[in-house]
Amino acid sequence: MTAEPHAAPDPERPGVSAETPPFTDRPIGPLRRVVPVIASVMPLFVAAWFVLATVPLGGPGERAVIWLTALALPLGVLLWISAALMRMDVVCHRPRVSSAASTWSVLAAWGCALVLGAFLPDKIDGRGQSLFTAAVGGQDYVGLSAGFANTVGVLTFVAAVAAVISTAIDLRGTRARLRGQAPELDPEQEDRMREAWVESFGGAGGHESSARGGGNR
């Protein structure tokens, strides 16, 4: 009597055998496959965008280093954390796709960062300028550009924090499924995540306060 061979583990997904049945909680779609792949390089793109967005206007200007350290660095850390969590989740999940909530929160953070770069006022040749001011008519709109940058900046950090929370929940749920457990959050952990979400509204605003006064008044 011969023993049945054990299912071989998947070398790319520790703890997942090649015969592990697929989960049915995530429909397969191109965005859910692509976003986890490019997520790790997007923080570099965002940092470059904040610094180089004003190149057509003669930049980078005097404020480029400020935007790099005050905005791109903390935002990049959040985006890298969410990218790492998403990657770990996708590697363990069958099929290898991200959840809708994580996919769209990450895309929202990227989209807000793209818009933010267009509004960030840089100081070039002694004058405050941004892509927005160049598009709508010049120096008189620098204050308006800075105001939009504050608002969009807060939304960007909120979306980035939401992406971290969502990907952390996904990873916890996927690992629980692999152990044969119900992927339910501890009530205390839910409270902590909810508090982090609320606090992100106030904390993100601090990063954006320096955008005020981006140009000459």
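**Cavities and nonpolar core**

The largest cavity is lined by Phe50, Val51, Ala53, Thr54, Trp67, Gly117, Leu120, Pro121 and Asp122. The structure is a predicted model. About 40 Å³ of space lies in this largest cavity, and its lining comprises six nonpolar, two polar and one charged residues. In total, two cavities of 30 Å³ or more are counted.

The second largest cavity holds about 30 Å³ of space. Its lining consists of Ala39, Leu79, Ser82, Ala83, Val106 and Trp110. Two elements give two or more residues to that lining, helix H3 (64–92) and helix H4 (100–119). H3 gives the most, with three residues. By class, the lining of the second largest cavity has five nonpolar residues, one polar residue and no charged residue.

In soluble globular proteins, nonpolar side chains tend to be buried together. Here the largest nonpolar core has 35 residues, and the members that touch the most others are Phe50, Leu75, Leu79, Trp110 and Leu120. Helix H2 (42–52), H3, H4 and helix H6 (142–178) are the elements that give two or more residues to this core.

Phe50 and Leu120 line the largest cavity, while Leu79 and Trp110 line the second largest cavity.

Leu75 is another of the core members that touch the most others. Leaving aside residues up to four places away in sequence, Leu75 touches Val46, Phe50, Ala113, Thr156, Phe157 and Ala160. Among these contacts is Phe50, a residue that lines the largest cavity.

Notes. Residues numbered from 1 in each chain as written. Predicted model: local features only at pLDDT ≥ 70, side-chain atom pairs only at ≥ 80, totals over all residues. Heavy atoms only, no water. 1 Å grid on protein atoms, 1.4 Å probe; cavity = no way out; pocket = protein on both sides within 12 Å on 5 of 7 lines; lining within 4 Å. Points joined across faces, edges and corners; volume = space filled by probe spheres on them. Nonpolar A, V, L, I, M, F, W, Y, C, P; charged D, E, K, R; others polar. Helix = DSSP H or I, 4+ residues; strand = E, 2+ residues; numbered from the N terminus. Core = buried A, V, L, I, M, F, W, Y, C linked by side-chain atoms within 4.5 Å. Buried < 20%, exposed > 50% of the residue type's maximum accessible area, 1.4 Å probe, protein only. Contact = heavy atoms within 4.5 Å.
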